[in-house]
Amino acid sequence: MMTFLIAVGSLVAICGILALLLVIADRYLNDYGICKLIINKGSREEDVEGGSTLLNSLNSAGVFIPSACGGQGSCGLCKLKVHSGAPPVLPTEEPHLSPEEVSEHVRLCCQLKVHEDMELEIPEELFNIREFEGTVESLTDLNHDIKRLRVALPEGEELDIIPGQYVQIETPAYKKTPEPVYRAYSIATDPHDKTHIDLVIRLVPGGICTTFVFEHMEPGQPIKLNGPYGDFRLTDTEKEMIFIAGGSGMAPFLSMLAHMRNENIQRKVTYFFGARAKRDLICLDEMKAFEEALPNFKFVPCLSEPMPDDNWDGDTGLVTDVMKQHCPDLSNMEAYLCGSPGMCDASVVALTGNGMPEENIFFDKFS
Amino acid sequence: MKKNPAEQQSRDRMEPGALTIEGFLGTDDRPLADIIAADTAEVEAAGLTIEELGAFLEGLHKTADAGWEGRVPACNGKITVRSDETLGQISCPFTSCGDHCHKAVIGVKDAAGNDLLEFTPLDAHLIRKHGFFQGKGSPYRIGPKKLIAFYRFCKG
C-alpha cells in the first residue's frame, strides 16, 4: 500500500514540476521584450512591447492605421509595407493580398504580431490621424433602429474632416465581450463644426458595438475615437451627381450636403434613399432644409413596401428603378454610393447600363 | 473528444462576445466536427449537398442586394427577398478560412407575403464552405430540415 502511495505521490510531484516548468517556459519564451519599429527608413522609430499585433503596437505608439473591422482581418484596409521582422504571409492575410502586393512586402498589420524589430513603410498622411477621448453629448433616435451619436471632442481640440471620411470608435469591454473592440462609422458632421463628431448608427442584430451604443451608452460617457480616415469624397468637377444610400448609409451624404451648403456649391444633385416603409425614413427635416438651401438638390425617398397607413404618394419600388425613371441619361453624371459591395455592384450595373462611365462611380470602400 | 488547436481557436471565436454578442454555438457543447458531421449527414440523406444549399442562400443574398432595401422577386416569383443592410463586415469564425461577409439580414417571404426564412450572408457562407449550420440554440441556426424544406419549396 505504501509503495502504491509513494508511486502516486511521485507521479503527482513530477506532473506538478513539469507544469511549473511549462508555465515558466511560456513566460520567458513568449516574452519578446521591447521591439523597435523602424518607420520610413529610420525617419521615425518607436519602441513597443513585443507580443501584440502590429496594428495595436502602432496604435499604442500614436500611429493610427485605417482599419474598419477593428483588427478582425476582414476589411483588408490596414495594409503596410513590412520590409523585415515579419513571418511569411499568413492564411488570414492571403484573401486580401494580390501577388504584386505580396512581392512588394505588403502585409495586413492587424494579423502580424511583433516578435522582433521591424522595418516598415507608412504613408506620411497617416501620421495626421489622431486619437481623442471625447464625451457622448447626445444620442438621438432617428427611427426605430437608427440613432445619431453626437460626440464632443475634448476642450480645445479640433478635427478637420473631408466630407465622406470615417472614424473608428472604441467599444469598451462589457458583458460577454472581454476586450475593447473598434468599429468604423462614416462621419455625418457639418465640416464647419470642428469640435463634434456625428455618427449615424444602425442596430446590428448581435453586433457588439451597436448593441453597446443602443443599450449601454448614455450622454456624458467618455468615448474613444480615432481618425479621420478614407478617400471617399466629392470630386472637383461640375458634373451633375446622384447619391444612392439607404439606412445609415446616409451619414457621409449629410456631411457632403452640409459642405455644399457652406461653400455655396451649386452642382445639381439628386439623392435616392431606399427604405421599406415610412417608419424607416430618417432625417426628413434635414433633407428639406438642404433642399431649401441648395436649389439644385432634390431628395427622392422611395419605399419598397409602404404600409397602408403610410398614405405614401412618393416613389415606390427599387431605388435603381426609380433612379432610372428620374435620370434616363446618365452619360455625363457622377454617382456616389454608400452601401454593401453587393448593392454597389448592382448599382454599377444599373448606372453603366444607362450610360454612366464606370470611372464616374464612387463608393465608400469601408462599407 | 480531444480538440485540435485549430478547432479550439475557431471555437473560441464562436463563443459569445468574440465576434458577436451571442456567438455561434448556442447551448451545443459537441465538438465542431460532430456538429458538422451530424448536419451534413442529414443533408446528404436528403440527396443534397451543403454546397448546393449554401450557394442557394448566397444567390438569394446577391438577388436581394440589387434592391437596396427593396423587396425583389426570386425563384420565378415564388418568393421575394429583401436585404436589411448595416455597414461593415464580419469575419468567418473558422480561423483557417480568412473569408468575411457583409453584415445584413436577408428576409424571405412567399408570394402571399408570409415570412419563410431569415438568414445572414455569414450563415450562407458557413453552410456552403464549412457545412456548419451553427450549434443548437444559436439564434441564427437554420437546421438542415428547415433549410431542405425551404430549398425544395423554392426549386420545386
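1. Helices (H or I, at least four residues) and strands (E, at least two) are DSSP runs, numbered from the N terminus. Helix α8 of chain A, in that numbering, is followed by A:G355, whose phi is positive, near 95 degrees.

2. The model is predicted: local features need pLDDT of at least 70 and side-chain atom pairs count only at pLDDT 80 or more, while totals for chains, interfaces and linings use all residues. Residues are numbered from 1 along each chain as its sequence is written, chains are lettered from A and ligands numbered from 1 in the order in which they are written, and side-chain values use heavy atoms, with hydrogens and water left out.

3. Chain A has an open sheet of six strands with parallel pairing, in the order β15-β14-β13-β12-β16-β17; two strands pair if DSSP finds at least two bridges between them. The edges are β15 (315-316) and β17 (361-363) of chain A, each with a single partner strand, so one side of each has no neighbour in the sheet. Within this sheet, β13 (residues 269-275) and β14 (residues 297-303) of chain A pair in the parallel sense over seven bridges. A:A275 stands opposite A:L303 in β14(A).

4. Helix α5 (residues 251-262) of chain A packs on the sheet and touches β12 (240-246), β13, β14 and β16 (333-338) of chain A, where contact means heavy atoms within 4.5 Å. The direction of α5 makes about 150 degrees with that of β12(A). Axes are lines fitted to C-alpha atoms, for helices over the stretch in contact, and angles run from 0 to 180 degrees between N-to-C directions. Helix α6 (residues 284-293) of chain A lies across β13 and β14 of chain A, at about 150 degrees to β14(A).

5. Helix α8 (residues 341-353) of chain A has 13 residues and should span 18 Å at 1.5 Å a residue; its end C-alpha atoms are 18 Å apart, which agrees. The expected span is 1.5 Å times one less than the number of residues. Its buried residues are A:M343, A:C344, A:A346, A:S347, A:V348, A:A350 and A:L351; buried means under 20% relative accessible area, exposed over 50%, partly exposed in between (1.4 Å probe, protein chains only). They pack against β12, α7 (319-326), β16 and β17 of chain A, together with α3 and β2 (79-91) of chain B.

6. For helix α3 (residues 50-65) of chain B, the 16 residues should span 22 Å, and the end C-alpha atoms are 23 Å apart, which agrees. Among the buried residues of α3(B) are B:F56, B:L57 and B:L60. B:A46 lies in the loop between α2 (32-45) and α3 of chain B, and is partly exposed, with a relative accessible area of 22%. Beyond its neighbours within four places in sequence, B:A46 is in contact with B:I148 and B:R152.

7. The contact between the chains takes 44 residues from chain A and 34 residues from chain B. Chain A and chain B bury about 3,200 Å² between them, 59% of it on carbon and sulfur atoms. Buried area is the accessible area (1.4 Å probe) that two parts lose on being put together, summed over both. The rule finds five salt bridges across this interface, a salt bridge being a side-chain nitrogen of Lys or Arg within 4 Å of a carboxyl oxygen of Asp or Glu. A:E305 and B:R71 meet in a salt bridge (3.1 Å, N to O).
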